[in-house]
Amino acid sequence: MRLLERMRKEWFMIGIVLAIAGAKLEPSIGVNGGPLMPEITVSYIAVATIFFNSGLSLNPEELTSALVHIKLHLFIQIFTLAFFPAAIWLFLQLLSITPINEWLLKGLQTVGCMPPPVSSAVILTKAVGGNEAAAIFNSAFGSFLANS
């Protein structure tokens with residue numbers, strides 16, 4: 001009985017372990033063009049579902065109010081898609097004179113140019129009591145701009 005209670009409590013972690021084990025045993029299921037079609041399900045359906053679920057928790061007045069803060073949105077998009085990649089590029093110029101592997105530097109450059117993960121931006125903003133509606137809008141809009 002104790003094991004069953006523990007499994008019910010830790011269902012998410014058990015699910016993650018099972019998903020990883022399944023991917024290790026049969027990796028062809030999750031490749032591009034495979035049965036799960038991650039090029040569609042991850043790129044579009046998962047992101048849309050995250051935004052939809054986040055939007056359901058918002059008051060429509062909050063969302064409308066957040067949309068009119070043009071200066072805030074402009075600042076966030078410029079910071080995320082221009083300033084931060086430029087700062088990372090400068091940092092990588094300093095690191096390039098060190099013996100760090102060049103492929104690690106290329107990976108850092110790639111990650112530095114990506115928009116923030118959708119769920120992280122919204123969850124962290126909500127956790128600190130920030131403007132959740134603005135975070136959802138900017139996360140969605142930034143992802144749209146970065147993928148266009």
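In this predicted model, the backbone oxygen of Ile76 lies 2.8 Å from a polar side-chain atom of Thr80. A polar contact is a pair of N or O atoms within 3.5 Å; within protein, one atom must be able to donate a hydrogen and the other to accept it, and residues adjacent in sequence count only if both atoms are side-chain atoms. Residues are numbered from 1 along each chain as its sequence is written. Local features need pLDDT of at least 70 and side-chain atom pairs count only at pLDDT 80 or more, while totals for chains, interfaces and linings use all residues; side-chain values use heavy atoms, with hydrogens and water left out.

Thr80 is placed in helix H5, residues 70–95. Helices (H or I, at least four residues) and strands (E, at least two) are DSSP runs numbered from the N terminus. Thr80 counts as buried because its relative accessibility is 18%; buried means under 20% relative accessible area, exposed over 50%, and partly exposed in between, with a 1.4 Å probe and protein chains only. Leaving aside residues up to four places away in sequence, Thr80 touches Pro85, Pro115 and Pro116, where contact means heavy atoms within 4.5 Å.

**Aromatic pairs**

A search of the whole structure finds four aromatic pairs. Rings of Phe, Tyr and Trp (its six-membered ring) pair if their centres lie within 6.5 Å; planes under 30 degrees apart count as stacked, over 60 as edge-to-face and the rest as tilted. Two of the pairs are tabulated here.

| Pair | Distance of centres | Angle of planes | Class |
|---|---|---|---|
| Phe75 and Phe79 | 6.0 Å | 25° | stacked |
| Phe137 and Phe141 | 5.6 Å | 10° | stacked |

Phe75 and Phe79 are four residues apart in helix H5, and are therefore separated by about one helical turn. Phe75 is exposed, with a relative accessible area of 55%, whereas Phe79 is partly exposed at 38%. Together with Phe83, these residues form one aromatic cluster. Phe137 and Phe141 both lie in helix H8, four residues apart, about one turn of the helix. Phe137 is partly exposed at 27%, and Phe141 is partly exposed at 33%.

A further ring is that of Trp103: the charged end of Lys106 sits over this ring, 4.3 Å from its centre. The criterion is that NZ of Lys or CZ of Arg is within 6 Å of the ring centre and within 35 degrees of the ring normal.

**Nonpolar core**

The largest nonpolar core has eight residues: Phe51, Leu58, Ala66, Val118, Val122, Ala133, Ala134 and Ile136. Helix H7 (118–127) and helix H8 (132–147) are the elements that give two or more residues to this core, and H8 gives the most, with three residues. Such a core is a set of buried Ala, Val, Leu, Ile, Met, Phe, Trp, Tyr and Cys residues joined through side-chain atoms within 4.5 Å. Val122 touches Ser54, Glu132, Ala135, Ile136 and Ser139, not counting residues up to four places away in sequence.

**Annotated spans and a backbone feature**

An unreviewed UniProt entry annotates residues 41–60 and 72–92 as "transmembrane region"; such annotations may be inferred rather than shown by experiment. In the model, residues 41–60 are 85% helix and 0% strand, with end C-alpha atoms 28 Å apart. Residues 72–92 are 100% helix and 0% strand, and their end C-alpha atoms lie 28 Å apart.

Met37 is found in the loop between helix H2 (11–25) and helix H3 (38–56). Its phi is near 45°, a positive value in a residue other than glycine. Most residues other than glycine have a negative phi. Met37 counts as partly exposed, at 39% relative accessibility.
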